[in-house]
Amino acid sequence: MKKYTHNYDGDVIEFKIIEHKAKVQFIKEVNIEKLYYKGSSEKISCRRLFKKNNTYEVDLIKGLKLNDPIIDSEKELVKSKNRTYERKGEIYFGSSSVIILTDYAYSKEEIQKKINIEVGIGECKDGYANFHLITYDNDKIAEDQQKILSNLSWVSIAELNFSTIEKAPQLFEYFNPKFYNKIAPDLGEQKAYDTIKVNETHKQGYIGKKNIKVGILDSGVDLTHIDLREAIIKKYSWDFINEDSKPNPSNYDPHGTHCAGLAVGNKIGKYGVDGVATGCGLAAYRIGFSDYDENDINRIRFNIDLFKIIKALLIAGFEDKTDVINCSWTFKSPFKTLRAAIEEVATKGREGLGTPIVFSAGNKQCTQQFPSNLDSVITVAALDIDNMPKKKKECNSSDWGSNYGTKVDIAAPGTNLITTDIMYVYGANRETKPGGGNNYFLNFSGTSASAPLVTGCIALMLCQNPNLKAEEIKSIIMKEGIYTPFPSTPDNHYGVGILNVYNCVNEAIKLNNNQK
């Protein structure tokens, strides 16, 4: 069995290479019935992964290599071809590249010069601060070079750059669009806000300020949404997938828009969605995207590139000086380069104060996954509608349960929250009746929904005391910001208890007064 391994805190993280599968991106949409390997008459078996960028999973014919050309009438059609890896049931795809962390913030030109002299192969394609992406012709070369790069005196860490494809947390039915209305209807009561004392906080006049920036690292945010467009700060938003300044999501990819609404939504008029930190600024960073399998409309896949996440974190923390970052996603496998980036931002962002980074615990009803198990982040578990830990109704059901563990810091509601959706019928709510209801989603659930509640709470704290250090913020949340200390000592499901936004904000004010 062929495999790729890397070490993480003394543990050997092993990725099995699936030798008969490859991830292939074609130059254009292809006719599968006419695809062949050059020199072979046997037809190729393909399964579309992403419709929008012509990406397929391809069965490699025995005896042929990863780089053998795929043709249609003798014409090469492949833009890129990468290995498929598997670890603990999670699929990873290679990218023919290696991420390195260096001992100094070298420029791309300096890195390239060092590689040319000391290694002789590889192109420094991208980089930020001490992190750089070195690209090669294929994954086999990248694997070999990762080992060589790891032994260079000026390289602290070298890891393969992976992309992942997982099912998105929500599955929906498709409706053809018929109606569109921007006016928000009565969406009902956001009961979660009573649980964590958001309404009480807002009534006391504690709302957000536009200069406090909330970063959402996710699938993009609908910048046109009536409840988000006043919050968005375009200068500090970026699409790391398309490399442009418009981090709008793909159609039917609403996850980031859901998270943004709960954190910083700012309703216009009587109805709509106010986030916990309504009034604060929004910095949207698109780091991944979802797509449908055309043969199974319910199978939604989410694609994330490891280096793009690292770069987004670094830019948000250091260049944009984002005040708090929300990350409603997890990996099954740990990566040293991503951990290093998270810890760098968490301790040195905001000009040395440290940037609080909030992670969802995950929805697998298992012990926490990476990176939510890091001490440098704030990890949020989810509650059900009765404010008990969210668990699966049956062990083998398709229902979800909040992850748990000793690194859970705090719990917040995570079931049937009301939030913003992609406008029109392109999000989770594809209701075609007029009235604007399809611009909102009434059932956002999961630890992905719990995390932005805590993120919004931190933003409100910083509105009252912008000089709080990241470690002080975490301390307030875990010592004073508890609605019900249930149980009285830290618990694997609740952390220290249920979030209390009102207490957190008042403790931030009290600390600010004591510092004057």
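A residue counts as buried when its relative accessible area is under 20%. Keep that cut-off at hand for this walk through a predicted model.

**Stop 1: F15 and Y92**

Select F15 to begin. Its relative accessible area is 0%, so F15 is buried. A search of the whole structure turns up 18 aromatic pairs. In the pair made by F15 and Y92, the ring centres are 5.3 Å apart and the planes stand at 90 degrees, so the arrangement is edge-to-face. Colour strand β2 (residues 11-26) and strand β9 (residues 90-102) next: F15 belongs to β2 and Y92 to β9, so this pair ties together parts that lie 77 residues apart in sequence.

**Stop 2: F331 and F335**

Move on to F331 and F335, another edge-to-face aromatic pair, with 5.7 Å from centre to centre and 80 degrees between the planes. Are these two buried or exposed? F331 has a relative accessible area of 3%, so it is buried. F335 comes out at 1% and is therefore buried as well.

To see both stops together, select Y4, F15, Y85, Y92, F162, W329, F331, F335 and F359, which form one aromatic cluster.

**Stop 3: the open sheet**

Switch to a cartoon view and find the open sheet of 7 strands, paired in parallel and ordered β14-β15-β13-β18-β19-β20-β21. Which strands stand at its edges? They are β14 (238-239) and β21 (410-413); each has a single partner strand, so one side of each is left without a neighbour in the sheet.

Within the sheet, zoom in on β18 (residues 324-327) and β19 (residues 357-360), which pair in the parallel sense over 3 bridges. Click on N326 and look across to β19: the residue opposite is V358.

**Stop 4: helices α6 and α7**

Finish by selecting α6 (residues 306-319) and α7 (residues 336-348). The two helices pack at an angle of about 10 degrees, and their axes are 9 Å apart. Angles under 35 degrees count as roughly parallel, and α6 and α7 are therefore roughly parallel to each other.

Show side chains to see who meets whom. From α6 come L306, I309, I310, L313, L314, G317 and F318, and they meet T337, L338, A341, I342, E344, V345 and K348 of α7. What is the make-up of this contact between α6 and α7? Its residues divide into 10 nonpolar, 2 polar and 2 charged.

Notes
Residues are numbered from 1 along each chain as its sequence is written. This is a predicted model: local features need pLDDT of at least 70, side-chain atom pairs count only at pLDDT 80 or more; totals for chains, interfaces and linings use all residues. Side-chain values use heavy atoms; hydrogens and water are left out. Axes are lines fitted to C-alpha atoms, for helices over the stretch in contact, and angles run from 0 to 180 degrees between N-to-C directions. Helices (H or I, at least four residues) and strands (E, at least two) are DSSP runs, numbered from the N terminus. Angles under 35 degrees count as roughly parallel, over 145 as roughly antiparallel, 65 to 115 as roughly perpendicular and the rest as oblique. Contact means heavy atoms within 4.5 Å. Ala, Val, Leu, Ile, Met, Phe, Trp, Tyr, Cys and Pro count as nonpolar, Asp, Glu, Lys and Arg as charged, and the others, Gly among them, as polar. Two strands pair if DSSP finds at least two bridges between them. Rings of Phe, Tyr and Trp (its six-membered ring) pair if their centres lie within 6.5 Å; planes under 30 degrees apart count as stacked, over 60 as edge-to-face and the rest as tilted. Buried means under 20% relative accessible area, exposed over 50%, partly exposed in between (1.4 Å probe, protein chains only).
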